Amino acid sequence: MWLKLSGAGCLILAAGLLGERGACRIRRALATSEAFLVSLTVLEAEIAYLATNLADSFHKAAQAAPLVAPFYASVGIYMAQGMRPADAWRSAVQDWRRTRRLSEREAAVLAGLAAAWGPWSAEDHVRHIQLAGRLLQQEQERARDRLEAACRMWRYLGVAGGMIMALLLF
């Protein structure tokens with residue numbers, strides 16, 4: 001009897017932790033979005049005020065936001081392989097989308113920013129970065145509005161799923 005109850009408790013606990021893991025994934029996506037906003041702000045400052053080259057600007061943006069540093073590292077790797085900055089940026093967005101599960105909108109905004117890395121002036125680069133920042137901020141606000149409800153749903157789903165499995169097994 002006690003063994004069955006402890007087994008059921010472990011099952012409910014494990015399923016609840018899986019639900020918590022789903023909630024953490026949603027919070028991590030929001031943190032990634034915030035890190036991209038920070039990195040774009042640094043990138044904007046590097047290009048507008050310091051007039052450093054693009055590779056160095058990407059490196060400084062990566063240092064400012066460690067959560068998205070692998071993204072900027074992959075852009076740098078693609079550029080070192082001889083790709084143009086716009087193509088390197090698009091390739092890195094595609095890689096990041098597959099591994100980090102960016103939303104469709106965030107990926108589209110970041111991919112659209114590749115158009116900024118052409119032979120334009122610093123002011124044009126800054127305008128593109130500011131537009132991408134505003135669009136990412138809007139997406140972040142939408143995600144923040146849904147965050148609590150989605151996290152609560154994942155937690156309840158985990159615990160309820162564990163209870164159902166325990167009832168069916170015992």
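I shall speak about confidence, the core, the salt bridges and the surface, in that order.

This is a predicted model, in which local features need a pLDDT of at least 70, side-chain atom pairs count only at pLDDT 80 or more, and totals for chains, interfaces and linings use all residues. Residues are numbered from 1 along each chain as its sequence is written, and side-chain values use heavy atoms, with hydrogens and water left out.

Let me begin with confidence. The pLDDT is the predictor's confidence in each residue, on a scale from 0 to 100. The protein chain has an average of 84, and 98% of the residues score at least 70. Helices are DSSP runs of H or I with at least four residues, numbered from the N terminus. Confidence is highest in α3, with a mean of 90, and lowest in α6, with a mean of 83.

I turn now to the interior. A nonpolar core is a set of buried Ala, Val, Leu, Ile, Met, Phe, Trp, Tyr and Cys residues joined through side-chain atoms within 4.5 Å. Buried means under 20% relative accessible area, exposed means over 50%, and partly exposed lies in between, with a 1.4 Å probe and protein chains only. Which residues touch the most other members of the largest nonpolar core? They are L43, F71, Y72, W89 and W117, in a core of 34 residues. Two or more residues of this core come from each of α1 (2–50), α2 (54–64), α3 (69–80), α4 (85–100), α5 (104–112) and α6 (122–169).

Contact here means heavy atoms within 4.5 Å. With neighbours within four places in sequence left aside, the contacts of W117 include L43, L54, F58, W89 and H125.

Next come the salt bridges. A salt bridge is a side-chain nitrogen of Lys or Arg within 4 Å of a carboxyl oxygen of Asp or Glu. The whole structure contains nine of them. One joins E20 to R155, at 2.7 Å from N to O. Because E20 lies in helix α1 and R155 in helix α6, this pair ties together parts that are 135 residues apart in sequence. Both ends are partly exposed, E20 at a relative accessible area of 26% and R155 at 29%.

R144 and E34 form another salt bridge, with their closest N and O atoms 2.7 Å apart. Here R144 is in helix α6 and E34 in helix α1, so parts 110 residues apart in sequence are tied together. R144 is partly exposed at 39%, and E34 is partly exposed at 34%.

A further salt bridge links D124 and R127, whose closest N and O atoms are 2.1 Å apart. These two residues are three apart in helix α6, and therefore separated by about one helical turn.

How far apart are the C-alpha atoms of A8 and L169? They are separated by 8.5 Å, although the residues are 161 apart along the chain. A8 lies in helix α1 and is buried, at 14% relative accessible area. Beyond its neighbours within four places in sequence, A8 is in contact with A166 and F170.
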